[in-house]
Amino acid sequence: MRKKILSVLLLCVMAASALAGCGDGSGNGDSGEGSVYFLNFKPEQDEAWQELADAYTKETGVDVTVVTAASGEYETTLMSEMGKDGAPTLFQVNGPVGLANWKDYCLDLSDSDIYGQLVSDDYALIEGDSVYGIAYLIESYGLITNTKLLAKAGYSPDDIQSFDDLKAVAEDISARSDKLGFTAFTSAGMDASSDWRFKTHLANLPLYFEYKDEGVTSAKAVKGTYLDNYRDIFDLYINNATCDGKELAAKTGDDSRNEFLAQEAVFFQNGSWEYNDLAKELGDEALTMLPIYIGVGNEAAQGLCTGTENYWCVNSQADQADIDATLAFINWCVSSETGTQAMANDMGFVIPFQNAAQTPNVFVQQDAANLAAGKVPVAWSFSTMPSEEWKNGVGSALTAYAADPTDANWEAVTAAFVDRWAKEYELANQE
């Protein structure tokens, strides 16, 4: 393989502590009765996956274990678990870069029932005649907005159609925060549970627009054409937020979400996966999602950031009985009434399969409305970022900049973004 995964796995097994109860999670292939061990990427859907797994077991008698990796720790957890007996039978990769790491463990799904359910090959990772991964959901992210607070400040979502609009509204709200009782943005937390929102999701915007200029969908090296715009939006976040930039290194994803739930801020950068938790507390009528504007292109026609980094892969190294059980489970998830309703209602997913159920998720509905109005969604270009190390370098530089937003510290962000790209790309793609 391009990366010597087996060596890495041995190191991880020696260095990493075992997850409680995971070692036997994939069942007992020796008994001839297959079972499923799903290593879940999405902590916010853990409870819903546990319930769906229980429902499948009650219906079929097949044991399904769902283990959820901590936020930001999926790749490390996967490497550790793949080195054990009873490794995950079902895992996920984030796209072509992730597939390059794990292809030797990915079963060819071209003859599987679930591949036959897929509405388009656009949602599959295909090389030659082989299908190595299947996207099981489509998501959107942007600026989750409390419309009631926005109205209290004297604005509506229609007043924000560009970065200049967003800046004017945010700075006005921030200036009147003592009187209003809330400010513009939740904390841009740079703790490991939150920094992916900025080193990956926010960084997607300058990357997407650079790719668009260059007419490419991936690159061995990047120019950083729109990093000044990246700085502008990050500055807007940290200068009009619930806390000082010096506090962001320790701020978590939960902090940011709780600030929004407590109605301490109007805007919360996150995605459609947050819908259930937010709607329970605030109600649909208080929620919408705006695009993340950074001052590039025809912003009046810009939609949400919509795509996927969630591709199911079936472990080709598992016992055949467990492989068969896993294939049956994922097909049931996307084709049965129980599975599709759970994925739509309990998880808030849009799934790209023929029997998909419509979701009540207002953020998904907003994305559909944007598409109907002719707005162009921003693609998830971040799936081409060369490595986790690259993301971590950008995240560390952003954290230092947030605490001390000087030109010199932004130059360090630029260096982490541009200079490290080519080096990490070469490391990730060496034979």
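Predicted model: local features only at pLDDT ≥ 70, side-chain atom pairs only at ≥ 80, totals over all residues.
**Entry 1: H14 and H15**

I looked up how helix H14 (residues 320-335) sits against helix H15 (residues 337-346). Two packed helices are described by the angle between their axes and the distance between the axes. Here the axes come within 5 Å and cross at roughly 70°. Angles of 65 to 115 degrees count as roughly perpendicular, so I put H14 and H15 down as roughly perpendicular to each other. From H14, the contact is made by Trp 332, Cys 333, Val 334 and Ser 335. From H15, Glu 337, Thr 338, Gly 339, Thr 340 and Met 343 take part. Sorted by class, I have 4 nonpolar, 4 polar and 1 charged residues in this contact.

**Entry 2**

Next I checked which way the side chains of strand S3 (residues 90-93) point. In a regular strand the side chains alternate between the two faces of the sheet. In S3, Leu 90 and Gln 92 point one way, while Phe 91 and Val 93 point the other way. I found all of them buried. S3 runs antiparallel to strand S11 (residues 311-314), and 4 bridges join the two. For Gln 92 I noted the bridge partner in S11, which is Trp 312.

**Entry 2: Asp 235**

Leaving aside residues up to four places away in sequence, I list Asn 240 and Tyr 401 as what Asp 235 touches.

Definitions and conventions:
Residues numbered from 1 in each chain as written. Heavy atoms only, no water. Axes fitted to C-alpha atoms, helices over the stretch in contact; angles between N-to-C directions. Parallel < 35°, antiparallel > 145°, perpendicular 65-115°, else oblique. Contact = heavy atoms within 4.5 Å. Nonpolar A, V, L, I, M, F, W, Y, C, P; charged D, E, K, R; others polar. Buried < 20%, exposed > 50% of the residue type's maximum accessible area, 1.4 Å probe, protein only. Pairing = 2+ DSSP bridges.
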